[in-house]
Amino acid sequence: MAHKEADELRMTMQQINSFYNNLRASGALKMAQELRNSGALYEKTTLLQNLNKTMVAPYQKIAKCVGPTVPKSALSDFANVTSVISGIPTKQISQIFPYRFQNNSNFFKQIAKQQSMYKEKMNLWNEYFEKAKYKVDQRYRALIPVINLLSKHGWVITPFFDADQLFQLKGKPAKYCIQYLTEYYSKDNYKYFYHEFDQLLDDFIDEDFDKGYLEQLKRMRKLVQEDFTNSNVLINTAVSILEFKYIEVIGSVDTGTILHQRDIDRYFNHHKNDQRSAFDYLRFYSLLKTLNKFMMYQNFNVGVEKTKFTRHSVQHGRFDPLRYENYDFIKVILLIVATRFCFDIYNLK
């Protein structure tokens with residue numbers, strides 16, 4: 001009799017572990033995807049902490065509520081929580097419960113116990129991320145001279161550009177860095193540029209009054225796809241959209257605010273010490289510095305053949321269109337992309 005009970009217990013535990021391992025595998029895949037999507041280490045740490053709470057507390061609550069016979073409410077709660085964590089539909093979770101699990105309260109207690117053990121392991125990862133964060137921040141903040149160099153020449157680093165590529169530019173002369181960005185966005189028939197342009201089109205709208213600007217962007221995308229030299233007659237429109245989008249994200253569309261270099265400078269100095277990860281800081285820094293450079297006042301007395309490529313010279317017709325290069329249009333569109341996706345500046349006051 002004792003052997004029979006032991007065999008049944010062993011079989012039950014095997015089924016529990018089999019079910020739980022499948023659940024953990026699915027949940028781990030989902031968690032791994034979330035970790036990949038969160039760029040900064042401190043975001044990963046926060047995510048892990050939230051997952052710990054989500055993956056432990058609900059199961060412990062369920063385990064406390066079950067008795068010798070598992071009530072339907074506990075089964076329903078278990079299915080719902082398991083679905084949220086694993087990504088498996090609730091109905092499917094309910095259907096794969098073996099009958100013996102529904103009458104075995106130890107199953108639910110075992111799940112809660114294993115989740116608690118998992119939480120302890122995850123807390124060790126949290127400690128690791130906290131220790132690693134400082135080193136990573138220092139490593140990436142060392143790229144600021146590269147950002148300064150690129151910004152000086154009108155190149156902004158968007159959230160879609162892999163920051164690790166900047167290490168290849170560290171200590172390199174300006175000519176090399178400019179050529180690197182130019183080739184990156186123009187190679188394979190502007191593959192990476194079009195990818196970022198399309199991301200902008202898919203996620204441009206914040207308010208109803210964005211639709212007209214979005215229609216302009218769509219037409220611009222079509223025209224440059226047909227012939228990239230069409231970009232020369234689209235730069236003015238792109239510059240006006242850039243100003244609109246910046247004013248919108250700082251929450252000042254319905255005011256008398258316009259885009260001034262002094263305001264960008266003041267804005268950056270006010271927020272440059274806000275708490276943020278190195279990744280976010282690099283993009284925040286790049287956007288504000290590149291915008292600052294692009295908004296510089298130009299002395300028109302030098303003539304249209306010598307003025308620099310800035311918002312001031314373009315919008316006032318003091319930049320000879322014959323001097324446009326293909327990458328000038330790319331630079332402006334990337335500034336719009338960076339502004340749209342730099343959530344660090346949204347509604348900051």
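Reader: At what angle do helix H10 (residues 235–249) and helix H14 (residues 326–341) pack?

Author: In this predicted model, local features need pLDDT of at least 70 and side-chain atom pairs count only at pLDDT 80 or more, while totals for chains, interfaces and linings use all residues. Residues are numbered from 1 along each chain as its sequence is written, and side-chain values use heavy atoms, with hydrogens and water left out. Helices (H or I, at least four residues) and strands (E, at least two) are DSSP runs numbered from the N terminus, and axes are lines fitted to C-alpha atoms, for helices over the stretch in contact, with angles from 0 to 180 degrees between N-to-C directions. The axes of H10 and H14 lie 9 Å apart, and the angle is about 15°.

Reader: Is H10 roughly parallel or roughly antiparallel to H14?

Author: Angles under 35 degrees count as roughly parallel, over 145 as roughly antiparallel, 65 to 115 as roughly perpendicular, and the rest as oblique. H10 and H14 pack at about 15°. H10 is therefore, relative to H14, roughly parallel.

Reader: What is the hand of the crossing in which H10 passes H14?

Author: A crossing is left-handed if the near helix is turned anticlockwise from the far one by less than a right angle, and right-handed if clockwise. For H10 passing H14, the crossing is left-handed.

Reader: How many nonpolar residues are in the contact of H10 with H14?

Author: Contact means heavy atoms within 4.5 Å, and H10 residues including Ile235, Val239, Leu242 and Tyr246 meet H14 residues including Phe329, Val332, Leu335 and Ile336. Ala, Val, Leu, Ile, Met, Phe, Trp, Tyr, Cys and Pro count as nonpolar, Asp, Glu, Lys and Arg as charged, and the others, Gly among them, as polar. Besides 1 polar and 3 charged residues, the number of nonpolar residues in the contact of H10 with H14 is 12.

Reader: How many charged residues are in the contact of H12 with H14?

Author: H12 passes H14 in a left-handed crossing. Leu287, Thr290, Leu291 and Phe294 of H12 make the contact with Val332, Leu335, Ala338 and Thr339 of H14. The residues divide into 6 nonpolar and 2 polar, and the number of charged ones is none.

Reader: What is the hand of the crossing of H7 and H12?

Author: H7 and helix H12 (residues 278–294) pack at about 30°, with their axes 9 Å apart. H7 and H12 are therefore roughly parallel. Their crossing is right-handed.

Reader: How many polar residues are in the contact of H7 with H12?

Author: Ile144, Ile147, Asn148, Ser151 and Lys152 in H7 meet H12 residues, among them Tyr281, Leu282 and Lys289. Alongside 5 nonpolar and 3 charged residues in the contact of H7 with H12, the polar count is 4.

Reader: With the side chain of which residue does the side chain of threonine 158 make a polar contact?

Author: Threonine 158 lies in the loop between helix H7 (144–152) and helix H8 (174–202). At 0% relative accessibility, threonine 158 counts as buried (under 20% relative accessible area; exposed is over 50%, partly exposed in between, with a 1.4 Å probe and protein chains only). A polar contact is a pair of N or O atoms within 3.5 Å; within protein, one must be able to donate a hydrogen and the other to accept it, and residues adjacent in sequence count only if both atoms are side-chain atoms. At 2.8 Å, the partner of the threonine 158 side chain is glutamate 196.

Reader: The backbone oxygen of which residue lies 2.8 Å from a polar atom of the side chain of serine 231?

Author: Serine 231 is in the loop between helix H9 (211–226) and H10, and it is buried at a relative accessible area of 0%. Leaving aside neighbours within four places in sequence, serine 231 is in contact with Val224, Asn326 and Phe329. The backbone oxygen at 2.8 Å from its side chain belongs to phenylalanine 228.

Reader: What is the relative accessible area of tyrosine 176?

Author: Tyrosine 176 lies in helix H8. Leaving aside neighbours within four places in sequence, tyrosine 176 is in contact with Gln168 and Leu169. Tyrosine 176 is partly exposed, and its relative accessible area is 37%.
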